[in-house]
Structures are given as structure tokens and as C-alpha cells.
Amino acid sequence: KPQIKLLSEIAKVFQDHHTKYKIIISPEYKQIRLNPADVEQLKEIFGAENVYDFSIGNPYFPAPESVKTAVFDILNTTDPLTVHGYMPNDGFPAVRQTVAEYINETFGDDISGDNIVMTVGAAGGMNAILKALLNPGDEVLVPAPYFLEYGHYVENYGGTLVPVLSKEEDGFMPDIPALAAAINANTKAMILNNPNNPTGVIYPVEVIQALAAMLEEKSKEFGQPIYLISDEPYRELVYDGNQEDFLTKYYRNTIVGYSFSKSLSLPGERIGYVVVPDEVENADQVIDGIVVSNRTLGFVNAPSLLQKAVAKCLDEKTNLAFYDENRKMLYEGLQKLGFHCIKPEGAFYMWVKSPDADEEKFVAAGKKYNIIMVKGSAFGCAGYVRLAYCVSHETVKNALTAFEKLAEDYGLYTE
């Protein structure tokens, strides 16, 4: 009975806390994807082949066979106490050195394993970076549209995310004058996601260089570094002759977060890394802060087996040609139907202008034909929708018939 009474009192404390602080999930966050149970229900009613779910960036193509081979090889040949045991919080030294050598060879950089921290995916890495950098009241800039969760990550550590809207007439390139105007004494960092989610846009070298010059100038003006946090989960997913890039060569205070979720189709395995080059101001302190954050955030370390597996597969790539075929089919098909799309050069997202001034109504109209889209305001940019084309070829092909009906409803397309 005393135990029951104690538990009851504890429950009341939690309930009071919930009521007082209104712990809720933001409406924007809930709009990122229709409830998976609702999607499954649609599939049961209409058949899976007749539901066109473009809502989530879950890789369609399986991981390269070499990943499976590496995992079994490690399990069969390595001491299980090593494979499944603790290691330094920044990851296995040999793995970190292998990653550093791959980056040096691929991008002409000059880092060592000491500049690498293995992380629990890009999200874990971003949180570790922000926890290490931010003090309460600090601000972090981001060009909009942007990945919604950045705001939650920044708020986790008492910071404020400051979105700065990019314009369609500028190709959704970062508005550098507007970003410069938003910088003040509280600005600690800027997040840049290239290739971009949700637009699929790639920022060319001249834009990165102009952005770097502005950040350098503003750092001098305020007498403190402004860090560029380069979020790169889509680094390898580039089309039309575009090349993979690594932003540390453009701006010395660049910290890179990377994930193998897209390049190796391993989103559920949660494995990635952070790079802090020696040129970064207070680099040793920043690295130590990220390592400690990796531990104190509860990650402790990146998954041990996956660390060793990805180190054997750094040269592997997902099936880029598969996504490229979907990209071309969807873009050309939607354009013919009268929809206005931003042609993606990277990642696997299509950014489509809503033919309705209220894009939520457009999203709702799409559901009548079992088309599942994400509203642009969930990415800080109303008036558009995002389509994730990391789906089967058949889904894209069949969806275009449904989009034709949707286009007819809006008077966009007549035979």
C-alpha cells in the first residue's frame, strides 16, 4: 500500500507538470507524415498498389550487399567482446582513422581520426554539436525551407532557431543579404543542408563561397566565431553531373554532420559521424564538448557493430540510377500535367508549388486520390508541398494517373 500511494503521488506530479507546461507535439511536426496506421488502412481498403505515399524519406533501395557481407564477416571473425563492447565515446580509433582517410582521399582534406566523432546518425550528431556549442539565448540561423526538426534540436539546449526564407525566383538559394541582416551578437551558428531537404536544390560553389565570405565578415564584426554546421545526409545523392562536395574547404569554422542512412540505405541503424577540422576555432574544446555530449545525451557511443561495418563500405553507394529514374519520371510527368515543380538536383525530394493558395487544402485534395504529400509549412515555407520519390517505379508511374485527376480538379490539365 505505501508503494501504491507513492506511485500515485509520482503520477500526480507528472500530470501536474504536463498541465502546467503544456507538453504537446507541435502541429507542424505531426503534419510531416500521415499516421502510418492511417496509411496502412488506406492500403487495406484500396490495395497497396493504389496508395501513393510520398510523405517520408525512407530509402527504397536496399543496402548494398557489401554491408551484409561486412556484418557477417565481423561477427564471424572478431571477438564478440570487442564487437558488442564499449569503446571510447568518440568511436573505435581504427574506424575514425579509416573515415578520416576516406575523406582526405575523396575531398583532398587533411584530417585525422582525432577530428572524427562517430555518432548515432546525423540527428544524434546534430544534437551533440548543438549541445556542445550553445548557451541559453544563442541563435542559430537556417535558410528556409528547412528540415523541421532543426528547431527542436536547437530548442533542446536553450537556443532559438532563426529561419530566413529563400525565394523561388532565386532558385531557393540562401538569401545571403537577408541572412547577414539576421546575424547579431547572439548568433552562434548557421545550419546548411546541402543537397537540401525539402527542395532537392544543390547550392553551387559560388553560393557557398559568398556565404562563407559573409560569415567571415560577420564573425569579425561581432568578435566571435559563427560556426557553419553542414548537415550532409544526402551528400552522395546528386544528379545531372553535379559532384559531391565537402564544405570545410570554403569556411574554416565548418563542422560537418553526416549519416549513412541515405548513402547506404541504413536509416534504422542510426550510424553517422561528425567532423571538426583543426582549423575550427577552439577545435579541441569543440571536439571534447561533442564527445561528452555524445555520452551525456544518453547515446554513450555510436552502435559498435555498425561502426565497424560502415568502415568497410565507405566506397559503396546506393543505387543512384534508381532514384534518378524516379526523379525524371515524376518531374516530367507533373510538369506535363501543369504542376510547377522545382527540378531537384540532389536528395530524393520534389518541391511542388501548390495550385491552391492554401496548400493544406491541396494536400487534403490529394488524399481523395490516395496521394500522400507533406505541406510546405511543415518546412517553414507555405505554398508548396514535398514529395519523397524514394518509392518504387510503379508507385511513381501509377501516381501520375492520380495526379492527372488532381490536376483536372484544379483546371491545370485537359486533354
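I looked up the lining of the largest cavity: its residues divide into 7 nonpolar, 1 polar and 4 charged. My classes count Ala, Val, Leu, Ile, Met, Phe, Trp, Tyr, Cys and Pro as nonpolar, Asp, Glu, Lys and Arg as charged, and the others, Gly among them, as polar. The model is predicted: local features need pLDDT of at least 70, side-chain atom pairs count only at pLDDT 80 or more, and totals for chains, interfaces and linings use all residues. Residues are numbered from 1 along each chain as its sequence is written, and side-chain values use heavy atoms, with hydrogens and water left out.

I took a cavity as a set of points, on a 1 Å grid over the protein atoms alone, where a 1.4 Å probe fits but cannot get out; a pocket is an open set with protein on both sides within 12 Å along at least five of seven lines, and lining residues have an atom within 4 Å of a point. Grid points are joined across faces, edges and corners, and a volume is the space filled by probe spheres set on the points.

I found 2 cavities of 30 Å³ or more. The largest holds about 80 Å³, and its lining includes Tyr102, Arg235, Glu236 and Lys317.

The second largest cavity has about 40 Å³. Its lining has 8 nonpolar, 2 polar and no charged residues; strand S5 (187-193) gives the largest share, 3 residues. Strands here are DSSP runs of E, at least two residues, and helices are runs of H or I, at least four, numbered from the N terminus.

I then checked the second largest pocket, at about 320 Å³. Among its 18 lining residues, Lys43, Asp53, Tyr60, Val391 and Thr395 are the closest to its centre. Helix H15 (residues 393-409) gives the most to that lining, with 3 residues.
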